[in-house]
Amino acid sequence: MVSNNKPATIGELKASGYRTRPLRQEMRHNLIEMIKSGKEIFPGIIGYSQSVIPQIENALISGQDIIFLGERGQAKSRLMRDLINLLDEYIPVIKGCEINDNPFSPICKRCRELVNEKGDATEISWLSRDERFGEKLATPDVTVGDLIGDVDPIKVAEGRYLSDELTIHYGLIPRTNRGIFAINELPDLAERIQVGLFNLMEEQDIQIRGYRVRLPLDVFLVASANPEDYTNRGRIITPLKDRYGAQVRTHYPMTTGEEISIMEAERRKFTDDEIEIYVPQFMKDIVAEITHLARQSPDINQSSGVSVRVSIANYETVISNAVRRAVILKEKIAVPRVSDLPYIHASTDGKIEMEGSFDDAKNPNIIDTFIEKAIQKVFNRYCQLSMLDPVVVLFQKGLSVEVSEMLHSQFYLDMIKKIPGIERPLKNLNKTESPEVNASALEFILEGLYTNKRVSKTRLPNKRVYGHKDEHI
Ligand SMILES: [Zn+2]
C-alpha cells in the first residue's frame, strides 16, 4: 500500500524536496546503511557470510554488475532476487510509463512529450521494490524481442514510421528500467542476443530490425552461469564477459551442519499437520552426509553438481515415509528410520547426472552405496563399536532380528528387551522413552553394525534380517 500523502504530480514531488538518484547509487547507499545498522541483506542464506556475501558487497559498493558462477543448487537465483532488499521501498515514476521513467528526466518519447505538455501537473505513481525486479531463464530460443524489444505491428499499421520510437514494443529489460534484471544460465543465450545485451549495457542503445534507438536505461544486470559453460570458449562473447564487473563464485555448504540448517529451513512445511514429526539428529546427519558423499564421488558429474535441493527433497521424503507409516500404523509421532532411506531414490535420481561410463540402470546401486557409507560414517561418529561387543556376541550365538519400514514401533521395544547390552548405546542416541524414536535408534545401531561388518544382513521383500556374521566370509 502506498500512503496517500505521497506526492502525486511532478510539481508536488519537486515541492517535497525529493531527489531521485541513479540505481547503483541507491543500492550502494542502502547497502552501507544496512551494514551500519547490522541488518541482514540476504536473510536465510546460510554459509555464505564469509565467502560469497563480502564479494557481492564489494561489487555493489563499486557499482559493478555481477555474474554468479556456480553449480546447480547453490542459491544463485535466490541471491539475485534478494538484491531487491537494497532498493528503496518506493520510487516515483511517471504514471503510465512502460519503462518506469524518472519524473525528473524521462527517456521515453511518450513521457518527454507528456512532460513538455503538462509540466509540473504531470502525474506520477510510486513503484514498490518488488515491482522493480525482472528475470528470465536463458534458453536458445529467447529472442531480442523478448529481452529488448520489437516493432509493434499494430502501431505500424496505425501509420507510424518504423524509425519512430513510439512503434517499439519494449522487452523485459527496458520494462525493468530503474530496477534489477536477472538472467539465469547466461551462456544459453544465442550469440546475437548477447550482442544486443552488450549494446544495451555499454552503448545504451537498442537496435531493432536495423533501427538504432538511443535508450539510456538504468538497469542493474545480474546473471548466473555454470562455471564450465561460462569458461567454455565460444559460449559467451568476450565483450559481454568484460562488461560484468564482478564474477562471484558460489559454493555448496562446507559442512553437513550447514547442509542440515538449509534442509530444516527449506523443507516444505504444512501448517495443518496433525501428526507430530520428530527427526533424530543422526537421521539428519545421514541425509546430509549422502549429499556430501555424492559431491565427492567420481561416478557423479561434478561439473553439473549435486544441488542442496537433493538434501532438501531427500529430507522431505524420509519424513513423509515416516508420516505415512504413522498414519497406517496409527502411531503418535512420525520418526524417520534407516528403512525409510531407500525411498530417497525418487528425490535423488532425477537431480544428479552420472559420469559417462555409468548408465542409468546402475544409478540405484550408486545411491545405495552412498546410503550405506553415510550410515557408517555417521554411526562411527555417534557410537563406539567396542561398547557394542556384547551385542555382537549375542548375534554370534544365533540372535536374529527383523526390521521393516512398516513394523510397529512397539515390536522394536520387544526386540530391545531381547538384546541386553544395547540399552546404553540406545540411551546415548535417544533420551526419550518414545517407542517411535527407540525404533529409529535401534535400526540405526543394527545398520551401523552391519556397515562395520559385525553382523550380517539379509534383504527380503519389505524387511531386513540382521544375524550372525560368518567370520570366514
Ligand atoms: Zn516514459
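This is a predicted model: local features need pLDDT of at least 70, side-chain atom pairs count only at pLDDT 80 or more; totals for chains, interfaces and linings use all residues.

Modeller: Arg132 counts as buried, because its relative accessibility is 2%; here buried stands for under 20% relative accessible area, exposed for over 50% and partly exposed for what lies in between, with a 1.4 Å probe and protein chains only. Residues are numbered from 1 along each chain as its sequence is written, and side-chain values use heavy atoms, with hydrogens and water left out.

Arg132 belongs to the loop between β3 and β4 (133–137), where helices (H or I, at least four residues) and strands (E, at least two) are DSSP runs numbered from the N terminus. Its side chain makes a polar contact of 2.9 Å with the side chain of Glu26; such a contact is a pair of N or O atoms within 3.5 Å, and within protein one must be able to donate a hydrogen and the other to accept it, residues adjacent in sequence counting only if both atoms are side-chain atoms. Once neighbours within four places in sequence are set aside, the residues in contact with Arg132 (heavy atoms within 4.5 Å) include Leu23, Glu26, Asp88, Thr176 and Arg178.

The zinc site comes next. Cys97 (SG), Asp101 (OD), Cys108 (SG) and Cys111 (SG) are the protein donors of the zinc ion, lying 2.2 Å from it; donors are N, O and S atoms within 2.8 Å of the metal (3.2 Å for Na, K and Ca), and since water is not among the atoms, sites may look incomplete. The angles among the four donor atoms run from 97 to 127 degrees, and the site is tetrahedral, a label that for four donors requires all angles to lie between 85 and 135 degrees. For reference, the ideal angle for four tetrahedral donors at a metal is 109.5 degrees. Along the sequence, the donor residues follow the spacing C-x3-D-x6-C-x2-C. Cys97 and Cys108 both lie in the loop between β2 (90–94) and α5 (109–118), so this pair ties together parts that are eleven residues apart in sequence. Both Cys97 and Cys108 are buried. Asn100 is found in that loop between β2 and α5 as well; it is a residue other than glycine with a positive phi, near 55 degrees, and it counts as buried because its relative accessible area is 10%.

Turning to the aromatic rings, the structure holds five aromatic pairs. Rings of Phe, Tyr and Trp (its six-membered ring) pair if their centres lie within 6.5 Å, and planes under 30 degrees apart count as stacked, over 60 as edge-to-face and the rest as tilted. One of these pairs, Tyr18 with Trp126, is edge-to-face, at 5.7 Å centre to centre and 90 degrees between the planes. This pair links distant parts of the chain, 108 residues apart, with Tyr18 in the loop between α1 (10–15) and α2 (23–37) and Trp126 in strand β3 (residues 124–128). Tyr18 is partly exposed because its relative accessibility is 25%, whereas Trp126, at 14%, is buried. Phe282 and Tyr382 are likewise edge-to-face, because their ring centres are 6.4 Å apart and their planes stand at 80 degrees. That pair also spans distant parts of the chain, Phe282 in helix α13 (residues 281–296) and Tyr382 in helix α16 (residues 363–382) being 100 residues apart. Phe282 is buried at 2% relative accessibility, while Tyr382 is partly exposed with a relative accessible area of 31%. Together with Phe379 and Phe444, these two rings form one aromatic cluster.

Rings also take part in two contacts with charged side chains. Arg295 lies over the face of Tyr252, 4.0 Å from the ring centre, and the charged end of Lys241 sits over the ring of Tyr230 at 5.0 Å from its centre; the criterion is that NZ of Lys or CZ of Arg is within 6 Å of the ring centre and within 35 degrees of the ring normal.

Definitions and conventions
Four donors count as tetrahedral if all angles lie between 85 and 135 degrees; four count as square planar and six as octahedral if opposite donors are over 155 degrees apart and all others between 65 and 115; anything else is irregular.
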